[in-house]
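The following paragraphs lead from the overall fold to the surroundings of individual residues.

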Amino acid sequence: MNHGISHKLAVVGLIAGIGSPLVAQSAGESRPENAEESTILEEKSSISWTAHADVTYFDETDFDDGSGTLKALRTAVGIRADMKLGEGKLSVGFDAAFTDYDFEITSGNSFDDVTSMTLSAMYRARINDKGSWFVGGSINSAYESGAQFEDSFSGAVLGGYLHKMSDTLDLGIGLMVKTRLEDDVLVLPVPQIRYNMGNGWTLESQRAGVRVMYAMNESLSFGLSGEYQSSSFRLDETNAIPEGAATESRIPIAFRVEYKPSTNFRIHGHVGAALGNQLEFFDNAGNTISEPDLDTSIFFGFGGSFTF
């Protein structure tokens, strides 16, 4: 296995978040607590639960070398528990995603459906009136249909600091270290920002990226968001690269609309373009077999969440 460490700075503009585990949320969403979640937690003084579901379709896109096309449908569900712990807040979540890939190629490598499951935890606490810190991690299992479950695990850890600059601006920095199957360790600096720009506009970090939203009223908001995404998974023993691994990377950019009919329930829709699409295939010794690039792809989807 290649034990080098690759440093990739996610200098991305505005991209849509498409369902992710807590380890990603605090590194980007970070996720600033909203008033509803805080109120619910205070009222129960014990624990609140949030369930979510999302579906995203990635339209057909061409491989740069002309060898064929790829499209995909991703379905994700998850649940998160938020609770007070000492002077801070602990969040524990479980997320599962199923991605149906459809390759039409004349040459090169491919794979079938991929399942991903993630168990994550994040702790946030204040240092004083101005500063707070967070630390967390996750364990992920991702594998092509038929692959060995016990060989599909990877993990991530992160931590950081957030400082209240004013009543409208919080700034901070975090660092995420993520292992990938048969690939280099991914190290991501994760800038933290929460900025209330006034007149309904907000800017906030979201995983390895940021988003800008405009609230028309208490129920309806829309905006742009963006991030760097990278995921790896184990290949089946019957694959052309038996028991190898693949890494999928992209930078999606999207327009997002959110509607909150009640305090506890919200739905959203998103549409955009995924830039920098790339697949990287490795054998089970960690040697790179191929690194095909793909054209920009169009995606759209919808989802919702419910807190109780």
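The secondary structure of the protein amounts to two helices and 17 strands, where helices (H or I, at least four residues) and strands (E, at least two) are DSSP runs, numbered from the N terminus. This is a predicted model, in which local features need pLDDT of at least 70 and side-chain atom pairs count only at pLDDT 80 or more, whereas totals for chains, interfaces and linings use all residues. Residues are numbered from 1 along each chain as its sequence is written, and side-chain values use heavy atoms, with hydrogens and water left out.

Of the 308 residues of the protein, 48% count as buried, a class that means under 20% relative accessible area, with exposed over 50% and partly exposed in between (1.4 Å probe, protein chains only).

Serine 152 lies in the loop between strand 6 (131–144) and strand 7 (153–164), and serine 152 is buried because its relative accessible area is 1%. Leaving aside neighbours within four places in sequence, serine 152 is in contact (heavy atoms within 4.5 Å) with Asn140, Ser141, Ala142, Tyr143, Leu181 and Arg234. Serine 152 and arginine 180 are 28 residues apart in sequence, and their C-alpha atoms are 9.7 Å apart in space.

Serine 249, for its part, is found in strand 14 (residues 245–259), and serine 249 counts as buried because its relative accessibility is 9%. Not counting residues up to four places away in sequence, serine 249 touches Tyr228, Gln229, Ser230, Gly276, Asn277 and Gln278.
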